[in-house]
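Colleague: I would like to learn how to read the disulfides of a model with some care. Could we go through them together, beginning with the structure itself?

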Amino acid sequence: SAPYVLPPGFVESSCHSRIFWMKLNKLLLQGKFFQLEINDPHAGPILLDEKLASRCGYVLSEDVWGNPVFRASVLGCHVANEADELFSLTVNIKVSSFSSMRAAVTYTYPMYCSYSSWASREIVCEENYMEVSVKTDVPAVSNDYTVAWMSALPETQNVAYQLWQLMFISPSGRKRIMVSDAAKLGYSFNNTLSRVYLRAPYHSNESDVSVVSGVNMNMVTSTSMYRQRWLLLMIDTTVSCPVDGISFTDTTLTWTVPSVIPTLVVQEFTFLSKNILMGVDGQVIVKPEEKNYLLEHNKTHIRITIPIGAEGGKLKSSVSGGVYGVIYSIDLFLEHTWTDADWQTTKYTVIKSITTPFMPQIPTVINNTVPEERLFNVAFGHFLPDVSLVAIAIGNVPFTLREAQHHGFKIYETPFSNRTKGFILEVSFDDPYVLKEYVNRNETKYTLLVNYTISVGPEMTLYYHSAEVDCVIADIEIPEAVGYCDEENLYLAIPTLGLHQYWNLYLDNKPLNRHVALTNGYLAATNSTHLILQIPLFAVGVIYEEVSFQKIKARFDVALRKVRTMETLQTFSVGCSFNSAAFIICHPDGTIMISAQMKTVPAINMSKTKLRDSSCKPREYNEGHAFFKFHVTTCGTSVRFEGDHIIYENEISYEKETLPGQSIPTITRDPDYRLTVVCYYRAKETLVLGAFSSDPSISPAFGSGTMVPRSNIAVHRRTRHALNVVSRVSKDEYFVEFYEPDMAILKRPVDPVFLEVELKDESPDAELYLENCWVTASLDFNSTPRWNITVDG
């Protein structure tokens, strides 16, 4: 059948360094299988395999972009050679949709190279073979008769007539073989019009490895011998090629080749380097510095340094052990020309494909959120073009990209520096999948949890990366309460926005709920925006800042506290002054304030009213009112316990006038006036009746002593009637645990002392007053110093 016409752009080829270069376009091979056949002019097509390739001077590999590359030495097995100047090779490219290669299409591709400027010796170090080619008209044996040459001479006596033979010298000894046997060992030897060449595989049995300037060199030491009637030709066909010399840093790769290779340069002092060229991807680079490549050389080394990611090579994404990273590959070649005394010129070419190890590159998440826009803007990068975003999860809810866009998330690609890219994700703060948390005074913390699923490289390996991005923004309005009063009540109007979601209202340490409001006698009403509290002037929780004759300055406080932490954010207060004709106020510190109103006919003189203790008179008065202020421990106030309450009681009465000096009571028109005053205190709530604070200049840091009960003065007068009085000191304000009697108690001067004095007398007219209480250093009442606890009750 007629050969198929090549699709345009499918093949490109060139010639340099006496090598045929051919590249196939991988895009035109997508989803297809291909094979190469070498067209032998005599035997027809021969399928290219690895063994044939290394023996015949062929290389089949891929460039860094994945395009198939075929290279062939112009001295290759099936190359047609015209006068060592014109070379041709025909290749069949077979393409099939099936791996079995059935129904294959065959394209025939001829290549032509001209190469006339041969050096005396040319060495090519290819990926899979080493090749040396030598002019046959050079002086064959060095003037410097080395051991190797001398030892070869006796062997020449046995060289077959008009047949080339090879002698290999290796650590295991010398081996002389015919050319036909050399082929069986993987070598290829032949002579052209003016040259002989030897091609050897790496690491054959006859090879040796030596270290030259830190680089491992694979070397085959051989002499090619030819005997004719009047001629014995002995040619040095030694070849040596580097097998390593590659090193890496985080940012560069370095390839080192020795400048002088001892087995190739016998008389080192005559060595002269003439020219060094480097190339990338089969092209000579005339000015390496323009591409940021560094080509250096000295007496021992030639060194090429390439920045990772540099032009001409390829960065490829990869995943290793669940970590994202990159691999950089570049195809290099080096051509070194030198002269020495043994050889006029040597041209030394090394072709090297270099790939870095896996380099982890943890992607970064960049938070570009602008809080004012209430929109998360998160960039995720940096990635090479061979990476794509395939799915995301927001708050652990998975979305394909289509679902994410449909939900309202915005996802798009963005270019970054150095030919990399990133993925931008935009999510509204108010999206249901964004976590919201109330923080600080009036701020919300919005947290976006993202899980990215990335497809990496042509293998489409999946890589997962999670990120947490948060933003705190002051977007909560703390309510402001409005307070006002009427004649008998205080009012607080509090906005309900955010109540119970962020905050609760507290009265002291109790949540202000409907039950507490009702129990305390408040009225609570709500409309669409506010909670309105009505607090009667004499309700529980009202604080009386100033109380005077017919006048009360009262305040009511409600605390706004955080729901979880109970931290007080704000106190809402309403305070007003009230005019009140009659009231009784029992203050937490035990002070009682009374405004008593005259309700008698005829009127009485209010200045002559008194408490049980007749020395306790009104502080202020007028015709119709009297104002008393006293402490529960004074003025004849009695105390009794009822359930969990302590009840203090006193009485306001009017002192009727009597005429002096007469034993018979006088009849007056004055009416009887008695007003009973009662104050209730919860027994469990602390009633601070006073704590001692002594002068630090005269007292030690701690006062210590034993509390001893002492009967009051009235009792001393009646020594016959001994009273049963017991005093105890409580360990705390609850009066449940007491210190043992006669036990030393250590207190700092500022600490409260919880003292209980009990009268156990059963006489109905006996009353207990706690007048003076102090601490001394001994049991003697009159000892000094003394520290007062209470004075005058």
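Colleague: How far apart are the sulfur atoms of Cys485 and Cys576?

Modeller: Bear in mind that this is a predicted model. A pair of cysteine sulfur atoms counts as a disulfide when they lie within 2.5 Å. Here the sulfur atoms of Cys485 and Cys576 are 1.8 Å apart, and the two residues form a disulfide. The link of Cys485 and Cys576 is right-handed, with 85° about the S-S bond. Cys485 belongs to strand 39 and Cys576 to strand 47, so the pair ties together parts that are 91 residues apart in sequence.

Colleague: Is Cys576 buried or exposed, and what is the relative accessible area of Cys485?

Modeller: Buried means under 20% relative accessible area. Cys576, at 18%, is therefore buried, whereas Cys485, at 25%, is partly exposed.

Colleague: Why is the disulfide of Cys586 and Cys679 left-handed?

Modeller: The disulfide that joins Cys586 to Cys679 has an S to S distance of 1.8 Å, and it is left-handed because the torsion about its S-S bond is about -85°. This pair links strand 48, which holds Cys586, to strand 55, which holds Cys679, across 93 residues. Cys679 is buried, with a relative accessible area of 0%, while Cys586 is partly exposed at 29%.

Colleague: How many disulfides does a search of the whole structure find, and which pattern do they follow?

Modeller: The search finds 6 disulfides, and, with bonded cysteines counted along the chain, their pattern is 1-4, 2-3, 5-6, 7-8, 9-12, 10-11.

Conventions
Residues numbered from 1 in each chain as written. Predicted model: local features only at pLDDT ≥ 70, side-chain atom pairs only at ≥ 80, totals over all residues. Heavy atoms only, no water. Helix = DSSP H or I, 4+ residues; strand = E, 2+ residues; numbered from the N terminus. Buried < 20%, exposed > 50% of the residue type's maximum accessible area, 1.4 Å probe, protein only.
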